[in-house]
Amino acid sequence: MHHIEIYVGNLKESRRFYTWLLERLGYVLFQDWNEGFSYKKDGFYLVFVQTRAKYIKNKYNRCNIGLNHIAFNCSSKQEVDAIRDELIKMRVTLLYDEKYPHAGGKEHYAVYFEDPDRIKLEVVAME
């Protein structure tokens, strides 16, 4: 993949959230302008753009046609655990936490959570 562009409801809030997450996962700031920003890793980048006011009311819902979730890999199960601990401290909505860390199956070690617009995200251990 080359890049993915995501429209967000509150650029400042999304920037704070994704800066924390993506820098922790080894991404670096790539682009920065008034209406958006992007982070890059290994030739791939994610772009975040402020949704125009006339579209804000539509909100995102992962059960509609379109994107369901984005999954990021990390280096270890310990890193997944550390990210989950920080998400709890930040009061981020965790998904399927009653099945943590195997909500995706016995061999799948991951944490699932929502971004500020309720887009489902996953961080999975690659070990």
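In the predicted model, helix 3 comprises 13 residues, spanning residues 77–89. The distance from its first C-alpha to its last is 19 Å, close to the 18 Å expected at 1.5 Å a residue. Five residues of this helix, namely Glu79, Val80, Ile83, Arg84 and Leu87, are buried. Seen down the axis of helix 3, the buried residues fall within an arc of 140 degrees, so they line one face of the helix. The exposed residues Gln78 and Lys89 are carried on the face turned away from this buried side. The cover over the buried residues of helix 3 includes helix 1 as well as strand 5 (69–74), strand 6 (94–95), strand 7 (110–114) and strand 8 (120–125). After helix 3 comes Arg91, which has a positive phi, near 60 degrees.

Helix 1 (residues 11–24), which contributes to the cover of helix 3, also lies across strands 1, 2, 3 and 4. Its direction makes an angle of about 10 degrees with strand 3.

Four strands form an open sheet with mixed pairing, in the order 1-4-3-2. From one strand to the next, the twist averages 20 degrees. Strand 2 and strand 3 (residues 36–41) run antiparallel and are joined by five bridges. Within this part of the sheet, Gln31 has Ser38 of strand 3 as its bridge partner.

Notes: Residues are numbered from 1 along each chain as its sequence is written. This is a predicted model: local features need pLDDT of at least 70, side-chain atom pairs count only at pLDDT 80 or more; totals for chains, interfaces and linings use all residues. Side-chain values use heavy atoms; hydrogens and water are left out. Two strands pair if DSSP finds at least two bridges between them. Helices (H or I, at least four residues) and strands (E, at least two) are DSSP runs, numbered from the N terminus. Axes are lines fitted to C-alpha atoms, for helices over the stretch in contact, and angles run from 0 to 180 degrees between N-to-C directions. Contact means heavy atoms within 4.5 Å. The expected span of a helix is 1.5 Å times one less than its number of residues. Buried means under 20% relative accessible area, exposed over 50%, partly exposed in between (1.4 Å probe, protein chains only). The arc is that of the directions from the helix axis to the C-beta atoms.
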